[in-house]
Amino acid sequence: MTCPSGYIVVTEGRAKICVPDPNLYRRPNGVYEPSWAPVFYNPVMIENRNVAIAFLRVCNRRNSVVLDPLAGTGVRSVRIALEVPEVELVIANDIDAEACRLISINAELNGVSNKIRVQNLDANELMFKLWREHVRVDYVDIDPFGSPAPFVQAALTVAKNKGFVAFTATDLAPLEGKYPHKLLRRYGIVGTKLDISKHIALRNLIAFIARIGGVIDKSIRPLLSYYSKHYARLYVEVDRGGKSFSAVLSECLGYVAYCARCGYRELIPGLLVEERVLRCRVCCSRMLFVGPTWICETSIHSVVQNVAMELQKLGYVHDKKLVETLVCEAKFSRSLPIRVSTIARHLKMNMPKLETLINRLQEMGYEACRTYVYHDGLMTNAPYEAVIEAFKECASSV
């Protein structure tokens, strides 16, 4: 089978996929613009799809049903059908008829038509339809162009108990707090942009999904989350029952307290801000607050480690730094990152090399590693005061 006119074949993973010819949809500066094409395909998101394949190979169950409600070209659906042996059925849906035609072509091109059921419905309409028909899905992948917010309730509804849902968000400016009114309107969170806003974006997304889960008496457990390039990505396990959500509400929703002067940051449990945290305990400046947001683990270290090993085994590691750093960061996923440049600005001292500071913290008996999204950021289990002490020692020897 050959591709229709205006399409070309690309190889991604083990799949050969017909996609819109990028030469036909380039901006004046020569950059391919996927939203101009008749069917959406973004080659930059191959990393996102690679991690999804590795996650499913690690966490999926036998004879599972997978739902890809925003399938586009069907590249994710076809790859899952090809590369995850435990999957029995992939339901690939798109509201666009041309996309559905292309999904069928790609399924046939890869010999997986028997494992892919193509649907032509609105994503939410399909998910609620499956729920009414008592179809419970083992894994749902929500990968929209923009915010996943409109699809969260339907995705959590159709996911079976102990099933998995993955969410991609590309509306990072609101999630990071750059547009506080949009953050409040879209996600129900009060916040502002901080020096660790990319990390906070993940926590805000998790908190929103957790609260929507509470509406339908479901709770979530984040298994793997990360921020890469222009998107945030999150994998959660879904649990049924109001009692399980009550535990999430009491333990995992709270606030980030942040000092804009010295960079001190703290995760505050509960939905009320206590008097004691209104002032920074390091420099006594007034604190800023973001919340209600997620204050528990954003990833499970063992899951991240297994997914990273699977990526390496498959040969899908395009960004070695991402994989290595995610494994290390997952050890500290109940902590907040620290920007060394913020400390340097507050202390009015030269910034030491990050590796030097990390080595000093390890000499002091703490664990520490680099962050992925900040070249001057680190994750550590050391108290903030200990980090400042180590910084001063390292800076004085520069």
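In this predicted model, Glu310 and Arg57 are joined by a salt bridge between their side chains, with an N to O distance of 2.7 Å. Glu310 belongs to helix α10 (residues 301–314) and Arg57 to helix α1 (residues 46–59), so the contact ties together parts that are 253 residues apart in sequence. Across the whole structure, the search finds 25 salt bridges.

- Glu310 and Lys313 are both in helix α10 and stand 3 residues apart, about one turn of the helix.
- Lys313 is exposed, with a relative accessible area of 63%.

**Other salt bridges**

- Arg76 and Asp141 form a salt bridge in which the closest N and O atoms are 3.3 Å apart.
- Arg76 is located in helix α2 (residues 75–83) and Asp141 in strand β6 (residues 137–142), so this pair ties together parts that are 65 residues apart in sequence.
- Both partners are buried: the relative accessible area is 4% for Arg76 and 1% for Asp141.
- A network of salt bridges links Glu12, Arg49, Arg79 and Glu83.

**Largest cavity**

- The structure holds 2 cavities of 30 Å³ or more, and the largest has a volume of about 240 Å³.
- Its lining comprises 21 residues, and those nearest the centre are His199, Leu202, Ser225, Leu326 and Glu329.
- Helix α8 (197–215), strand β8 (218–228) and helix α11 (320–329) each supply at least two lining residues.
- Strand β8 provides the largest share of this lining, 4 residues.
- By class, the lining of the largest cavity has 13 nonpolar, 6 polar and 2 charged residues.

**Second largest cavity**

- The second largest cavity has a volume of about 140 Å³.
- It is lined by 15 residues, with Val51, Leu311, Leu322, Val323 and Leu326 nearest its centre.
- Helices α1, α10 and α11 each supply at least two residues of this lining, and α10 gives the most, with 4 residues.
- The lining of the second largest cavity divides into 11 nonpolar, 2 polar and 2 charged residues.
- Leu326 is among the residues nearest the centre of the largest cavity and also among those nearest the centre of the second largest cavity.

How values were computed
Residues numbered from 1 in each chain as written. Predicted model: local features only at pLDDT ≥ 70, side-chain atom pairs only at ≥ 80, totals over all residues. Heavy atoms only, no water. Salt bridge = Lys/Arg side-chain N within 4 Å of Asp/Glu carboxyl O. Buried < 20%, exposed > 50% of the residue type's maximum accessible area, 1.4 Å probe, protein only. 1 Å grid on protein atoms, 1.4 Å probe; cavity = no way out; pocket = protein on both sides within 12 Å on 5 of 7 lines; lining within 4 Å. Points joined across faces, edges and corners; volume = space filled by probe spheres on them. Nonpolar A, V, L, I, M, F, W, Y, C, P; charged D, E, K, R; others polar.
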